[in-house]
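Open the structure in your viewer and keep the selection tool at hand. Each stop below says what to select and what is there.

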Amino acid sequence: MSAQIRIDPASPTPIYRQIVDQLRVLIVEGVLAAAQPLPPVRQLALELGVHFNTVAESYRLLAQEGLLEISHGRTARVATSDHVAMGRAQQQEALEMLRQRVRQLVAELCSRGLSRKQIAHELLRFSKELDA
Amino acid sequence: MTHAHSIVFEVIIVVPLALILALSACTRLWMTGWQSGSASFYGVRVDPEFERSYEASNIDTRYTHQVLWLTVALIGLVAASVPMLASINPPRWVPFEVLGLFVAHSLGMQGLYWRARQKVLPFAAALETTRTVDLASFVELSLAWRLGYWTAILLPLGLLAATALYLHAHFSLIPPPTNLRGGFGRIIPQPLPWTEGTAYGIYKPLVRSAFMNLTAILVAYAFNFRSRISEWGTDSKPRWTYRKLLMSRLVILQWLTTLHTVLDALRPLAGTEALPMSSSHFLLLSLLWSVLWSIISLLLLFTLYRKRPRGAADTAPDRSWKFGQYYVNPQDPALIVPARFGIGHTLNLGQPWAWAMTIIGAFAIASIWIGPNYISLPHLPTTLGHPRGAWPSSTATTDQGRLNDAIDRLKQRDGTAAEMIHQITQRNPGDLQILNTAAHGLALTKTDLPIARLYAQRAVAAKEQELHTLELGALTRDDISRERSLAQFWDTLGLVCERQGDVDCAHRYLLAAWTLSPRTLFATHLARLAEEQGDHAQAAAYLRQALGVPGSSGQKQNVERRLQDLGGNVPDAQHQYAPQPKEIPLAHFARHSQAFFVDLLFANAATGAKRPLPTLGHEQTSLSLSNQEKASIANSVPPFPFPDAGPERIIVRARVTCAQDQRSACSMRLSTPDEVREFYRSEPPSL
């Protein structure tokens, strides 16, 4: 899997959120290795054709989530520390959020014309990938 | 205007213009097609198949024909208007006609391009809003490369500063304004900037180059930090190679241009002790440098063409390309993007920095015209705060005129005038008249008296040296002029000594000046010296004599007032005080039937004989003098009061007359240099 970020300025999702979501996936899935430096804010903003603050905001949010380490506000690197183990209540809350989002996603995809069977098939394939 | 003239004029003016316009049209058409094949057609993003469609072919053909017809029409217009306009005044209208022609051609072609683009827009591809970035494509340039690059980019500014300092240090060596013309002087007469003699004119090449360097630095900044890597091609290695090549080209051209400017700026010092190379050598070097610049520039352009990246991503919306040529997108942080029209890159005018670059670049170009060359801007300071640049502010066209201005200002207690005087004397170390005038002005205002004395001594010494070779029988008008100048210089040195309180020095030089050339001014100086010594009678005596010798009416009025103050007799009429010719009786002298002139050569006691050497005025070939008569003359004349041990010689002309009724009743009267000059003016000697 290549480390690509794809943004769509026409999408209703804010650009900073698009960047955060995609970078999070790349980090969690290990495409971006621990301690790997990310492009400078200005350079990434230039390439994406967005304002510098948009990219800076994305990096800040990821740093708050513990996925990035920003040294002295300059170089952003993928965090090396292990995630703090969540408590039972937090785990329940996170699982509830997952269910909620999956339901929303399924509803949206159905409204766009995908069948329930197709969606179920894709989710099953995805769960197998996760297990692997 | 005759028919033949009209044909010649058309050949000279219209044919080159037609060629230039045709070349411009062809270049335009070629540049329009440059971006073809990169999914951009007339600055509009289209599907790749569109360029092969009938519509595209139709639009392209119509645009080509329109551009060619516009060019032909303009050439025809010029050709038709030449006979009419040429009969008015060709040198006046030609530049405006040429300028108007190029502007009309350029605007016309842009308008046609815009029209063609409007026809392409309906076929524009669907706007692709998504942008993809590969995080692995970010490659940082090494620190050494960056350091080296920025040093190379910034160093030319240091070079310009060093040149400015060098010019500043040798400002006094720059020759005064001249009418020297250069550049396009043969076609459109224009003076070289520095020949105007203003500080702005002299520093102008450096100012222009500084603007160009600032523009280059901003472009380098844009290439380094404000451009999209993904727009330099799809392959990582070639696009970095291309980018480095572009950046290196910028540095190379910047260095070549700056060095050329430095040559240009130093040209005023050519032929001086600061730069012994002659001006023509400078010009030759400058021309060679221009040729080198052109060759290297073309080579770099050719290399860029070969190495240009392919398949570069262009995600900019079509609406951001105003008129299909100018990129204006405030949402895009990129300062510089690949051009959709023509070769290379263009600025994103939606960013303030791009405007800054445009304005600074425009200043660099405009500075060619602003200033002394074409447009006179009176509000522009001509000295630009030059601390030693007093002389450029003078309206005089010669250094002697500027010196007089400075002395006037010094009398009005202008603090900068003394510096101006010193600057002018430094620039004219061999001009004795300037040295003398400067010393006189400083003495009158009691300013920098030790330096004034130095100036006066240098002038006196040089003038005495000039008179060292004076020979009897070979007297020339220049010799007479030199003698008068020497009297003037002695008087100045005497005046400076008097102001310094050196009475002995003052008396020696003032008396020598007065003896050599009795003038009102010299006598007043002697009178003041006597008055300072408390000898009012002697002062009054000098003042009375002052009224009877050549001098201005103003000087004589001052003398009369001074005489009144001293309680002396104020003359009823000036002629009462005219000194009676001092007749010197000559012993043992044969009677001559007619008066004749004798030239007496006085050599300084330190270098020559103690007594004068007489000879007949060389225009009197029919007379002869015996040795006894010569000795009589030599022994009768009082010695000349040489003020110093200088090597000068003085020739004084004397008129010898003999009474016809008595034996041995001849006498001699010495003439002043003024009288001799008057004599020569009426009867030029056969030299």
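**Stop 1: a strand pair across two chains**

Start with strand β1 of chain A, residues 4–7. Now pick out Gln4(A): Asp134(B) in β3(B) stands opposite. Keep in mind throughout that this is a predicted model.

**Stop 2: the interface around that pair**

On chain B, 21 residues are in contact with 23 residues of chain A. The area buried between the two chains is about 2,000 Å². Carbon and sulfur atoms give 58% of that area.

The most comes from β3(B), with 4 residues. By type, the residues on this side of chain B divide into 9 nonpolar, 6 polar and 6 charged.

How many salt bridges are counted between chain B and chain A? The count is 0. Polar contacts are found here, though: 7 residue pairs across the interface, with both residues at pLDDT 80 or more.

**Stop 3: chain A on its own**

Chain A has 5 helices and 3 strands. Follow the sequence and the pattern reads β-α-α-α-β-β-α-α. Of the 132 residues in chain A, 25% are buried. Take the contacts in chain A with a separation of 6 or more: residues 24 or more positions apart account for 44% of them.

Next, select helix α1 of chain A, residues 15–28, and find Gln22(A) in this helix. Is Gln22(A) buried or partly exposed? Its relative accessible area is 21%, so Gln22(A) counts as partly exposed; buried would need a value under 20%. Beyond residues up to four places away in sequence, Gln22(A) touches Gln4(A), Ile5(A), Arg6(A) and Ile7(A).

**Stop 4**

Bring chain B back. Over all chains, the count comes to 18 salt bridges. Side chains of opposite charge can pair when their charged atoms come close.

Select Arg453(B) and Asp502(B). Their salt bridge has its closest N and O atoms 3.1 Å apart. The pair links distant parts of the chain, 49 residues apart. Arg453(B) is in helix α12 (residues 449–466), while Asp502(B) is in the loop between α13 and α14. Asp502(B) is partly exposed, at 26% relative accessibility.

Move on to helix α14 and select Asp504(B) and Arg508(B). Both lie in that helix, 4 residues apart, about one turn. They form a salt bridge, with the closest N and O atoms 3.3 Å apart. Asp504(B) is exposed at 51%, whereas Arg508(B) is partly exposed at 32%.

**Stop 5: two helices of chain B**

Select helix α17 of chain B, residues 553–566. Arg562(B) and Asp565(B) both lie in this helix, 3 residues apart. Their side chains meet in a salt bridge, 3.1 Å from N to O. Asp565(B) is exposed at 59%, while Arg562(B) is partly exposed at 32%. Glu560(B) also has its place in α17, and is partly exposed at 26%.

Then select helix α13, residues 477–500, and find Arg499(B). Arg499(B) is buried, because its relative accessible area of 17% is under 20%. Leaving aside neighbours within four places in sequence, Arg499(B) is in contact with Ala443(B), Leu444(B), Lys446(B), Leu449(B) and Arg528(B).

**Last stop: a strand with two partners**

Finish on strand β12 of chain B, residues 666–670. Strand β8 (residues 583–586) runs antiparallel to β12(B), joined by 4 bridges. Strand β11 (residues 649–658) also runs antiparallel to β12(B), joined by 5 bridges. For a closer look, select Ile584(B) with its bridge partner Met668(B). Then select Thr657(B), which stands opposite Ser667(B).

Notes. Residues numbered from 1 in each chain as written. Chains lettered and ligands numbered in written order. Predicted model: local features only at pLDDT ≥ 70, side-chain atom pairs only at ≥ 80, totals over all residues. Heavy atoms only, no water. Contact = heavy atoms within 4.5 Å. Buried area = accessible area lost by both parts, 1.4 Å probe. Salt bridge = Lys/Arg side-chain N within 4 Å of Asp/Glu carboxyl O. Polar contact = N/O pair within 3.5 Å; in protein donor to acceptor, adjacent residues only side chain to side chain. Nonpolar A, V, L, I, M, F, W, Y, C, P; charged D, E, K, R; others polar. Pairing = 2+ DSSP bridges. Buried < 20%, exposed > 50% of the residue type's maximum accessible area, 1.4 Å probe, protein only.
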